[in-house]
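I opened this entry to keep track of what I looked up, one topic at a time.

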Amino acid sequence: MPRDFFDFTPKQQKVVMVVMTAGCPQSGVLALLGGATRCFLGRHLQGYSLLDYGRSLMSDCYNFTFDWFSNNVPVWINLLGHLAGKPGVRFLEIGVYEGRSTIWLLENILAHETSSVDCVDHFIPFSAPWYPPGVSTNYEERFDQNIQLACGEKKVRKIKGFSQEILWKLPPSSYDGIYVDGSHDAPDVLEDAVVSFKLLKPGGILIFDDYEWNAYSDPWRLPRIAVDAFLHVYRHRYDLLHKSYQVALRKK
Ligand SMILES: C[S@@+](CC[C@H](N)C(=O)[O-])C[C@H]1O[C@@H](n2cnc3c(N)ncnc32)[C@H](O)[C@@H]1O
């Protein structure tokens with residue numbers, strides 16, 4: 001079995017490229033080859049650099065309107081690299097929007113078939129100023145479509161609602177990682193932090209986004225005071241791993 005895309009014959013390369021881009025909205029091959037075929041191929045090429053090649057082809061296929069995530073990748077590799085590809089890794093994301101951070105997790109950390117992510121978002125449609133004309137305000141549809149393109153339906157559990165209600169119903173000490181990126185109002189962030197901490201396993205990683213975000217003059221509309229309060233009160237129960245635009249800690 002060739003280990004690299006360029007070890008395939010030109011004919012094989014062509015077949016692989018067609019199959020990997022099947023399901024891509026821009027590609028005309030959708031009618032010929034379904035996403036299921038691509039998922040099947042993807043599963044059976046785990047560990048081969050060919051799969052990475054396929055992923056890079058797929059990255060043009062996703063339907064995203066905004067990127068809040070890519071800048072975080074170097075930090076996340078440091079924070080979560082030890083979990084990459086391990087079996088049974090459980091992640092919780094609070095605030096998923098169109099699924100960009102979810103898909104990064106699926107492709108880079110939750111690669112094992114037994115790993116999974118719970119995605120909490122209220123998915124209330126809104127008219128974002130960055131939407132090009134004609135783009136639907138329904139970002140939940142884009143989330144669903146993107147997860148499908150990433151072949152993530154079996155690993156992703158979508159939980160629709162406000163995190164301040166949902167989190168209380170989730171099982172304590174059950175997650176290896178939690179990303180707090182939902183409501184940015186300080187009281188909501190504080191509640192998400194406190195409840196998320198209960199939901200983390202010992203050794204689990206908690207990441208806050210937008211600690212240094214300063215779009216409003218009113219500090220109660222921003223995460224910072226909530227993250228600071230949480231870090232102060234829980235200071236004996238975690239090891240601080242990172243404090244910059246994002247904040248990350250490991251539960252003791
Ligand atoms: C900044 S976006 C998340 C971006 C995503 N994590 C990424 O990096 O691609 C914030 C999301 O949080 C959701 N959200 C805001 N307040 C929420 C709340 N109280 N409960 C659940 N979701 C919320 C919004 O609907 C939005 O999709």
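I first looked up the secondary structure, and in this predicted model the chain comes to nine helices and seven strands. I then noted that the chain has 252 residues, of which 33% count as buried. For contacts between residues at least 6 apart in sequence, I wrote down that 70% join residues at least 24 apart.

I found an open sheet of seven strands, whose order is 3-2-1-4-5-7-6 and whose pairing is mixed. Strand 3 and strand 6 are its edge strands, since I see that each of them pairs on one side only. From one strand to the next, the twist averages 15 degrees. I also checked one pair in detail: strand 1 and strand 4 are joined in the parallel sense over four bridges, and I94 stands opposite V180 in strand 4.

I then asked myself which strands helix 8 lies across. Helix 8, residues 186-199, lies across strand 1, strand 4, strand 5 and strand 7, and I noted that it runs at about 175 degrees to strand 4.

I went on to helix 5, residues 100-108, where S101, T102, I103, L105 and L106 are buried. Their cover includes strand 1 (90-94), strand 2 (116-121) and strand 3 (156-160), together with helix 6 (139-149) and strand 4.

My last topic was the ligand, and I wanted to know which residues around the ligand come nearest. Of the 17 residues around it, I listed G95, Y97, R100, G182 and S183 as the nearest. Helix 5, strand 2 and helix 7 (163-166) are the elements that give two or more residues to this shell, so helix 5 comes up again in my notes, with its residues defined as a DSSP run. Sorting the shell by class, I get six nonpolar, seven polar and four charged residues.

Methods:
Residues numbered from 1 in each chain as written. Predicted model: local features only at pLDDT ≥ 70, side-chain atom pairs only at ≥ 80, totals over all residues. Buried ≥ 20, exposed ≤ 12 C-beta atoms within 10 Å, placed from the backbone. Contact = placed C-beta atoms within 7 Å. Pairing = 2+ DSSP bridges. Axes fitted to C-alpha atoms, helices over the stretch in contact; angles between N-to-C directions. Near = placed C-beta within 6 Å. Nonpolar A, V, L, I, M, F, W, Y, C, P; charged D, E, K, R; others polar.
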